[in-house]
Each structure stands twice: as structure tokens, then as C-alpha cells.
Amino acid sequence: MSLRVAIAGRPNVGKSTLFNRLAGRRLALVHDAPGVTRDRREADAKLGDLHFTVIDTAGLDESPDGSLEARAQLHTETALQSADVILFMVDGRAGITPSDSHFASLVRKQHKPVLLLANKAEGRAGLDGAMEAYSLGLGDPVAVSAEHGDGMSDLYGFLRPHVEEASEASVDDEVVELSKDRPLRLAVIGRPNAGKSTLINRLIGDERLLTGPEAGITRDSISVDWSYNGQPVRLFDTAGMRKKARVKQKLEKLSVADGLRAVRFAEVVVLLIDAEIPFEKQDLQLADLVSQEGRAIVIGVNKWDMVENKGERLAELKEMTERLLPQLRGVELVTLSAKTGKGVNRLMPAALKVYEAWNIRVSTGHLNRWLEETVARHPPPAVRGRRIKLRYVTQAKSRPPTFVGFCQRADDMPASYTRYLMNSLREDFGIWGTPVRFTLRKGKNPYAEKS
Ligand code: GDP
Ligand code: GDP
């Protein structure tokens, strides 16, 4: 998966010039008149040893109507949405204009990692503009010259971790045994202040991350390699990303967006919740994200040291989980205190266990014996006077476990029955802590004819 890097900014700041430098070909139009480059262009790009995709956005205006500028804005927004990271460019010599602020607001809405470039800064020109650029709220500006190639090492430093992460982020469908050569990809996600940084510190056993009562204080790097009982683990730290994006006031939205990135990266996700304020809206959103993306999950119930009536609380939490997260039925709750360390040692065994469930392969023979029994125990209903027949089930893939049932009248099958099958699959094969997919397809056993 190639990292997608969009270059955004008002017309004439030098986007196409940078695009050409990175793409190494003269693909985009460069012109002195503002707004000459209209269309979005993409190219394979290279910076040092980094390979990625660069997207040039159209120069655009604030024109609200159906004029060319408004259309260009639409192009830009689409380009920004399709990007993983954004380079936001201003003209360091010209200073910040209202148009820059307008584009900056489009960029901020994306909640993506942004590097702010103050261009045309060759020979120390543009330093004033660079200072002014702080006001855009997109972090520290970096002085560059797209034309002369100045500042490319800063750009490299920014892009590198993202490029590396993107090249690892494709989760394949094959069953993969964990080994010493293959790290388990683990992400810790959760609301700000749930205790993610404290937990990661505790897990990796040193104090490399800064933690504090103020949400969002932590270090820069995005993933940490570490080893648990000899098993390499690549730990994805969302708290670290939050600082990168530097959008303090939008923490709520941001942590869900961060969560998505982390979840995509991960095989196993630890959703960390606060025992005192469990299952807030954001916790549920994040859990849902994990389920939609089909990753294995463990719920860490943190700050357990603060809970007085532990037995009662745990029962409550279990009830809430069943009720609020039916799609993750049976997910394990690991109560712990990241602060004192108590219970933290139960987290990794739980993560490795759900990893196995996530990878499970059930043979077709096994599944069909199971189907016979399961249908006999509780037959499908009759719809319009005829009993629906379900004859055959196979596992289409794992990661997450995905099953397909074949049924002549798939459309008539009530959802409640499919749910029954899914829950039976979970129970009978012990598939906990991962989403399970079950779909019905119209038709007979597709393999019957062959045999
Ligand atoms: P775009 O509209 O943002 O794509 O901007 P262009 O790439 O077309 O550049 C607009 C103008 O700025 C052109 O005349 C470029 O030659 C000039 N330009 C681009 N980068 C630099 C730079 O680093 N230094 C200087 N002095 N001029 C630049
Ligand atoms: P993050 O925003 O999710 O990374 O949260 P932090 O790790 O920065 O923790 C937020 C606050 O919760 C800090 O003040 C921590 O000291 C506190 N905290 C974290 N874990 C625990 C815990 O297990 N028990 C208690 N009582 N406080 C904790």
C-alpha cells in the first residue's frame, strides 16, 4: 500500500513545483498566473529512499457558486479525503492571506497528519511568512524551497514514519502463525485520558512516553517494536499520533479518526476504557470501528484501582458489554491498572488468544457436521408455508472468520436465524474476541456438482 500524500494550498504558492520535484517528471503545469493548475494529478513519487504517491490538488478560490473555482474546491476536498497525509503549502514571502486561512480550514477538517510548508524560502527569504504561518493552527511551519530543493530533509523526516507504516498496513487474508520473524501488530486505542500512554509505558517497561493528566501529551513515534516473552510485537500508539495532528480542541473527533488508522494497522486491538466512566459514546464508536474493520479485540478496563466494589462493577460491565456491543459478543474484559501495574500481565495472553480466534480455520467437513446438528436443534422457520432449507456452510476466509451458508431462499431467511447460526458458531468453535461474519448466498452447495 503506497502512502498517499496530498499537496494543498491556495493557488500560486508552488504546489505544482513541489509535485514535479517529487514526481521527478514534469507532469503538472507550472505557471505564474494564479490558478493555472486546475486538475488533480497523481504520480509515483520518490524522496531519497521513500516511495509514495503524490497528489497535486487544484489551485482554488473561495468562490461559492458553480464557477471553475468552486469545482476546483470540490476536487481539492476529494483529493484531501483520499490522502493519508497532507502537505499544506503557503508562500513564505507573501505572508498569510485570507485564502490561505480558508484552505487551512479545509485541511484541518480532515484530521489527518499535516506538515505545514512555507515555500519560496530559499536563501532565508520567507522567514517572516513562516513565522506568520503559525497562526494557521497546523503546527510548526517548515521553510522550504520547492524550486531549489531546500528543506527536503525535513519533509523526509515527516514522511518517513508514515511511508513505513503504510507499507506494513495491509492485513492479508492468509492464516499467519506468529513467529519470531513476524511481529504481532497490536494497537492500543481509547478515549483521551483512558490511560493509553500509561499502559504502553507499563507494557514496554520503560518510561519512554511522557504521560500526564493533560490529554494528549506523549511522544512522537507512531509504532514501537517490543517483545513479549520472545514474541515480537509492533505496538501502534494512537496517543502519539494525536500530538502529531496537533488539534487539541477537536480531541473527541480526532481520537476516532486516529483510532481508525490504528485499527487498520492492527491485527489485535486493545480498546482501553476507563472503569469509572465506561462505554461512553466514543468508546462505543471505537468498538464499532474495530468490529467493522474486522479486527480481533480485547477490552482493557483501566483504572481498576479506583473501583471500590469490584465484583459488582465487573458484573455491571459484563452486562453493559453484552447489551451495548452485541456484535462483539463474548469479548474479554481485562480489568487492570496501568498506573499500579496490577492486572496488566493478563493483557498480552488475552491478546494472543484472540489473535488465534481471529485466524481460526474450520474445515468444511467439520462445519457441515456442525450445521446438521445446529439445524436439527433449532430448524429454520417456515416462510410462506415452506420451511427454508440451509444445506451447506463453508469458511470463506479468516482474519476475521467469515462463513458463507448456501440457501435456495436466502432472501427469506430472517436475520434472527442468521444470528442464531453465528452465535452457535462462536460457542461451538470457541470464536471469541473477534467479529464473525456470516452471510447467506443463494444457491445450492456450489461444490456438490464437482464431487
Ligand atoms: P501552484 O499554483 O501552487 O501549483 O504554484 P506553482 O507551482 O505553479 O508555482 C507558482 C509560481 O511560484 C511559479 O512561478 C513558480 O516558479 C514559483 N515558485 C514555486 N516554488 C518556488 C520557490 O521555491 N521559490 C521561488 N522563488 N519561486 C517558486
Ligand atoms: P491517554 O490520554 O489515554 O494516553 O492517557 P494517559 O496515559 O495520559 O493517562 C491519563 C491520566 O490517567 C493520567 O493522569 C494517568 O496518570 C491516569 N491513569 C492512567 N492509568 C491509570 C490507572 O490505572 N489508575 C489511575 N488511578 N489513574 C490512571
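Reader: Among the elements of the chain, which one has the lowest mean pLDDT, and which one the highest?
Author: Helix H7, residues 238-245, has the lowest mean pLDDT of the elements, at 51. Here pLDDT is the predictor's confidence in each residue, from 0 to 100, while helices (H or I, at least four residues) and strands (E, at least two) are DSSP runs numbered from the N terminus. At the other end, the highest mean, 98, belongs to S11.

Reader: What does the chain average in pLDDT, and what share of the residues score at least 70?
Author: This is a predicted model, in which local features need pLDDT of at least 70 and side-chain atom pairs count only at pLDDT 80 or more, whereas totals for chains, interfaces and linings use all residues. Residues are numbered from 1 along each chain as its sequence is written, chains are lettered from A and ligands numbered from 1 in the order in which they are written, and side-chain values use heavy atoms, with hydrogens and water left out. The chain averages a pLDDT of 81, and the share of residues scoring at least 70 is 79%.

Reader: Over residues 240-252, how many contacts beyond four places in sequence does the model have?
Author: Over residues 170-175 pLDDT stays under 50, and the model has 18 contacts beyond four places in sequence for them, a contact being heavy atoms within 4.5 Å. Residues 240-252 likewise stay under 50 in pLDDT, and the number of such contacts in the model for this stretch is 34.

Reader: In what order do the six strands of the open sheet stand?
Author: Two strands pair if DSSP finds at least two bridges between them, and S1 pairs with strand S3 (residues 50-56) in the parallel sense over four bridges. The edge strands, each pairing on one side only, are S2 (41-47) and S6 (141-143). The pairing in the sheet is mixed, and the order is S2-S3-S1-S4-S5-S6.

Reader: Is Ile 86 buried or exposed?
Author: Ile 86 lies in strand S4, residues 85-91, and its C-alpha atom is separated by 4.8 Å from that of Ala 6, 80 residues apart along the chain. Beyond four places away in sequence, Ile 86 touches residues including Ala 6, Ala 8, Val 107 and Leu 115. With a relative accessible area of 0%, Ile 86 is buried.

Reader: Which strands stand at the edges of the three-strand open sheet, each with a single partner strand?
Author: The open sheet has the order S15-S16-S17, with mixed pairing. S15 and S16 pair in the antiparallel sense over six bridges, and Leu 390 has Cys 407 in S16 as its bridge partner. One side is left without a neighbour in the sheet in each of the edge strands, S15 and S17.

Reader: What covers the buried residues of H13?
Author: Helix H13 (residues 415-429) has 15 residues and reaches 21 Å from its first C-alpha to its last, close to the 21 Å expected, the expected span being 1.5 Å times one less than the number of residues. Its buried residues include Tyr 417, Leu 421, Leu 425 and Phe 429. Their cover includes helix H12 (364-377), S15, S16 and S17 (437-442).

Reader: Is Arg 384 buried or exposed?
Author: Most residues other than glycine have a negative phi, and most peptide bonds are trans. Arg 384 has a positive phi of about 50° although it is not a glycine, and Arg 384 lies in the loop between strand S13 (382-383) and strand S14 (386-387). With a relative accessible area of 66%, Arg 384 is exposed.

Reader: Where does Pro 400 lie?
Author: The peptide bond from Arg 399 to Pro 400 is cis, with omega near 0°. Pro 400 lies in the loop between S15 (390-397) and S16 (402-407).

Conventions:
Buried means under 20% relative accessible area, exposed over 50%, partly exposed in between (1.4 Å probe, protein chains only).
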